[in-house]
Structures are given as structure tokens and as C-alpha cells.
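Hi,

Here is the structure I said I would pass on.

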Amino acid sequence: MVILGSHCSMKAPKFLLGSVQEALSYGANALMIYTGPPQNTLRKPVEALKIQEAMQLMKTHGIPAENMIVHAPYIINLGNSVKQETYQLGVDFLKNEIQRVKEIGAKYLVLHPGSHTIAPFEDGMNQIIQGLNEVLCEEDDVIICLETMSGKGSEVGFTFEQIQTMIENTKLSHKLGVCLDTCHIHDAGYDVSSFDQILNEFDRIIGLDRLKVIHVNDSKNVQGAKKDRHANLGEGHIGFDALCKVVHHPKLEHVIKILETPWIGDEAPYKIEIEMLKNKVYDPSALDALRK
Ligand code: ZN
Ligand code: FE
Ligand code: FE
């Protein structure tokens with residue numbers, strides 16, 4: 001059975017319990033959450049998050065705890081070698097975030113590796129590696145999944161080679177996995193319609209066993225545009241058929257797939273998109289109906 005879900009909200013008063021309920025309402029058996037606002041590092045104490053109730057509800061539905069993915073806030077930048085405070089904020093926050101992921105009972109923490117800002121690319125790369133070495137620790141059985149980036153701005157990690165450089169140079173590399181984002185790799189120049197070729201390349205350069213999470217998104221821009229603007233399934237330049245193949249790829253059955261497609265007005269598209277992927281049938285009118 002395909003492991004498929006979406007980004008879900010996490011807010012008062014039900015917090016994680018509400019997130020799991022939201023996922024179930026989409027027909028999902030996986031979900032991804034932020035432990036607080038993605039644009040800042042203010043976090044509620046984990047005791048307030050209704051973890052037990054959330055995990056119990058997942059269990060009742062036969063969903064393993066590791067199918068709940070945590071995404072680190074995108075303001076974290078381990079690649080900043082120019083502003084020491086920004087780098088240090090990232091390190092400190094990530095250390096705490098790893099503890100939160102542990103306490104929640106989740107396993108995978110998705111992280112945007114970072115941006116080199118005005119410094120040379122190499123400096124950013126080295127700073128990211130130093131950061132990973134600072135935050136990872138043998139006792140924590142949390143896996144940080146480095147996300148493949150689109151290459152917008154000064155992002156580091158938009159090729160498989162760059163991701164592998166990070167993995168290779170991190171001491172506790174067995175604590176690292178990869179999150180492959182279809183919109184990001186398309187924007188970085190990969191051809192998602194030749195996905196077998198992409199997987200071969202991934203396997204040759206990184207190793208397929210590192211792949212833990214896939215972000216399933218269409219892209220508003222052409223291949224190689226380096227923009228990172230997600231589109232709803234079938235409404236972008238990747239197309240429904242290519243994305244459906246990714247989701248149902250026989251080599252990726254154990255990989256957790258998460259939709260991060262945009263909301264349509266104030267409606268989440270996930271129930272419809274999950275159903276289309278499960279049925280392997282594209283129904284543009286179903287998404288259009290949300291626009292009315
Ligand atoms: Zn991400
Ligand atoms: Fe993503
Ligand atoms: Fe993105």
C-alpha cells in the first residue's frame with residue numbers, strides 16, 4: 001500500500017491530535033507538520049501538544065509513528081558563514097527540534113540544508129557540514145532528511161552530488177537521509193518524466209537506501225527555472241502522469257510521500273489529490289470545483 005499524505009496544520013487547541021485528524025480526513029496514512037510557525041523559532045512546550053492522543057489515534061488506524069514527518073522551519077540557515085548569529089540560531093534551534101521530534105515519537109526531520117548567501121558556495125557547503133556535525137549526536141535516533149533544493153537564490157543542495165558531499169563529510173552520516181522534492185529537482189534541471197533515470201542517478205551518487213521522504217509537488221515553472229513555486233497536481237510543468245509514476249514506483253514502496261501543493265482559496269486540495277493518486281486517474285474538474 002502506498003504511504004501517502006500531506007502537510008497538515010498544527011494549532012491550538014488540538015495541536016498534534018488535530019493534525020492527525022486532519023490527515024485522516026484527507027484519506028492519508030502519513031502526514032508532515034511543523035512543530036510551530038515555519039517562519040519563526042518560537043515553540044510551545046511539547047507537553048502541550050497532545051502527543052499521546054495523536055499517537056493513539058494513529059495506532060488505532062494502523063499508521064506507524066514514523067509516518068509522521070516533522071519539517072524544520074525554513075528560516076534556519078546552517079549555510080550562513082557570514083552572520084555567526086544566524087548560523088548559531090540554526091544550530092541551537094535544530095538541537096532542540098531533534099529533542100522535540102524524539103519526544104513526539106517521530107523519526108524523520110526534514111531540513112533545507114541552507115544557503116551560502118553572499119559568501120562563496122564552498123563556504124556555505126562547509127558551514128552546513130559543520131552544522132550537521134554539531135547537531136547530530138549518537139544517542140538520538142532521529143534521522144535528518146536533507147531536502148533536495150531548487151537552486152533558487154544561493155541555496156546549497158540542488159544536485160545529488162551536493163547532497164552526497166554533505167552526507168560524506170558528516171561524521172554521524174548514518175543519521176542522515178534524503179527528502180526528494182519533485183518540484184525542487186524539476187526546477188533544478190532534472191527531468192521528472194524520466195524518473196527511472198533519476199532514481200538510477202540517485203542510487204549511483206547517494207544510494208537509494210538514503211531516500212526516506214518524497215515531497216510530491218507539481219511546479220509552476222519550466223524545468224531548470226530555479227524558482228521553487230509549487231503547483232497543484234496536473235496544473236504545472238511536471239504533470240499528473242509523471243508524479244503518479246513517482247508515487248507508485250515499485251522501488252519506493254516504503255518511502256513516505258507528502259504533498260505540499262498550494263491550498264485553493266481556503267480549501268486544502270489534499271483529499272482530492274490523494275484520491276487521484278490512489279486511483280491513478282487525473283480529474284482536473286475536481287480541483288476546479290474548489291475554485292468556485
Ligand atoms: Zn521543504
Ligand atoms: Fe519540500
Ligand atoms: Fe519548495
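His184 and His230 are both buried, where buried means under 20% relative accessible area, exposed over 50% and partly exposed in between (1.4 Å probe, protein chains only). Keep in mind that this is a predicted model: local features need pLDDT of at least 70, side-chain atom pairs count only at pLDDT 80 or more, and totals for chains, interfaces and linings use all residues. As for bookkeeping, residues are numbered from 1 along each chain as its sequence is written, chains are lettered from A and ligands numbered from 1 in the order in which they are written, and side-chain values use heavy atoms, with hydrogens and water left out.

Back to the metals. His184 (NE2) and His230 (NE2), along with Asp228 (OD), coordinate the iron ion (ligand 3) at 2.0 to 2.3 Å. Donors here are N, O and S atoms within 2.8 Å of the metal (3.2 Å for Na, K and Ca); water is not among the atoms, so sites may look incomplete. Along the chain, the donors of this iron ion (ligand 3) follow the spacing H-x43-D-x1-H. The two histidines link distant parts of the chain, 46 residues apart: His184 sits in helix α6 (residues 182–188) and His230 in strand β11 (residues 230–231). Helices (H or I, at least four residues) and strands (E, at least two) are DSSP runs, numbered from the N terminus. From the iron ion (ligand 3) to the zinc ion (ligand 1) is 5.3 Å.

The iron ion (ligand 2) has Glu147 (OE), Asp181 (OD), His215 (ND1) and Glu260 (OE) as its donors, at 2.0 to 2.3 Å. Their spacing in sequence reads E-x33-D-x33-H-x44-E. The angles among the four donor atoms run from 83 to 171 degrees, and the site is irregular. For reference, four donors count as tetrahedral if all angles lie between 85 and 135 degrees; four count as square planar and six as octahedral if opposite donors are over 155 degrees apart and all others between 65 and 115; anything else is irregular.

Glu147 also bridges this iron ion (ligand 2) and the zinc ion (ligand 1), which lie 3.1 Å apart. Glu147, in strand β6 (residues 143–147), and Glu260, in the loop between β12 (256–259) and α9 (270–279), are 113 residues apart. Glu147 is buried at a relative accessible area of 0%, and Glu260 is buried at 15%.

On to the aromatics: the structure holds five aromatic pairs. Rings of Phe, Tyr and Trp (its six-membered ring) pair if their centres lie within 6.5 Å; planes under 30 degrees apart count as stacked, over 60 as edge-to-face and the rest as tilted. Phe160 and Tyr190 are stacked, because their ring centres are 4.5 Å apart and their planes at 25 degrees. Phe160 belongs to helix α5, while Tyr190 is in the loop between α6 and α7, 30 residues apart. The rings of Phe160 and Phe202 are edge-to-face, with centres 5.1 Å apart and planes at 75 degrees. Together, Phe160, Tyr190 and Phe202 form one aromatic cluster.

Helix α5 (residues 160–168) has Phe160, Gln162, Ile163, Gln164, Met166 and Ile167 as its buried residues.

Finally, confidence: the chain averages a pLDDT of 97, and 100% of the residues score at least 70. (pLDDT is the predictor's confidence in each residue, from 0 to 100.) Among the elements of the chain, α5 has the highest mean pLDDT (99) and helix α10 (residues 284–290) the lowest (95).

Cheers
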